[in-house]
Amino acid sequence: MKVILANPRGFCAGVNMAIKCLEEAVRMFGSNIYVYHEIVHNRYVVDRFTQEGVTFVDELEDVPEGSILLFSAHGVSPAVRAIARERNLQTIDATCPLVTKVHLEAIKYSRAGYNIILIGHEGHDEVIGTMGEAPESITLVETAEDVQKLEFPADAKIAFLTQTTLSVQEASQVIAALRERFPQIESPPKEDICYATTNRQEAVSILSQEAELVLVLGSQNSSNSKRLQELANDNAKRSFLIDGAHEIRAEWFEGVETVLITAGASAPEVVVQECVDYIVREYGAEVAQRTIQEENVKFPLPKELRRLQTASQQQ
Ligand code: 0JX
Ligand code: SF4
């Protein structure tokens, strides 16, 4: 048996920054730290920090006044920031800069009087945060069918934005439907689906052609990881989205000569290695790395954290 390891896979620049940010906050302030939503959508990462004493909350009412609170990589709405201020919380914003970019576009289009169509998944943390920037101006669509239901006049002043972790292929169908109905529709010069999402999808799309089985490491609530698994499935491969080697089933390997392994942007390399070790141990597989795209994106830690670091060094 052969295992192909897809590159790029796993942590993106935004996740690296958010996780380092929480690690550093724990190092500086001990475990009495709160995070609004999961820092990233990954069970292993959340369990690890929970064991270290970090508390993840979905309601700010659950955070004691004056505590340290991190905002997750997916971003938050201005309303959440306002509640945090009212509760006198010391906030550190671990939102990925590429999510913030979409927030800023929403603000810009809304101020200029545009109707904004956001392509994204209802109820997703990032979508809730982005819509909160201009709730009166933004309409969410998920599919090309949703576009047909829009009630704007044909000559409406209109623009579209997208969630950062969509399927490139599916989003392009929705965008084509929007352009057909509203040829005047505007969009940001650089698209919102981020480099990490695009590159991981491209790698799976190319490399899955060589495999009968595709294993995607990632959690079920991780949008970008789920899209990788669906993409492999569309390529008529048997594909599974798993949190770790403990979920692997022997029957998946019947008649399989080549397994492709990849990981969503929030899945740590340690869970990938666990799976590789398992397959090598059970099936004597040979492992090959395959790189479709090099990545060298890095984001700095949030300025609030850097300020706190400097302040603590001066004490
Ligand atoms: O569910 P998503 O893919 O948006 O988030 P996840 O799995 O935490 O990935 C990293 C954070 C992505 C933000 O855009
Ligand atoms: Fe940022 Fe993209 Fe990573 Fe999301 S998937 S955190 S937008 S780099």
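Student: How many cavities of 30 Å³ or more does the structure hold?

Tutor: One. This is a predicted model, with pLDDT of at least 70 needed for local features and 80 or more for side-chain atom pairs, while totals for chains, interfaces and linings use all residues, and side-chain values use heavy atoms, without hydrogens or water. Residues count from 1 along each chain as written, and chains are lettered from A and ligands numbered from 1 in written order.

Student: What makes it a cavity, and what is the volume of the largest cavity?

Tutor: On a 1 Å grid over the protein atoms alone, a 1.4 Å probe fits there but cannot get out, so it's called a cavity. The volume is about 260 Å³, the space filled by probe spheres on the joined grid points.

Student: Which residues line the largest cavity nearest its centre?

Tutor: Val15, His74, Thr164, Thr165 and Asn224, out of 22 lining residues (an atom within 4 Å of a point).

Student: Where do the domains run?

Tutor: An automatic or database assignment gives domain 1 as 2-11 + 195-291, domain 2 as 13-96 + 298-314 and domain 3 as 98-181.

Student: What area is buried between domain 1 and domain 2?

Tutor: About 940 Å², 55% of it from carbon and sulfur atoms; that's accessible area (1.4 Å probe) lost on being put together, summed over both parts. In domain 1, Phe11, Asn221 and Ser266 lose the most, together 48% of that side's buried area.

Note on methods: Buried area is the accessible area (1.4 Å probe) that two parts lose on being put together, summed over both. On a 1 Å grid over the protein atoms alone, a cavity is a set of points where a 1.4 Å probe fits but cannot get out, and a pocket is an open set with protein on both sides within 12 Å along at least five of seven lines; lining residues have an atom within 4 Å of a point.
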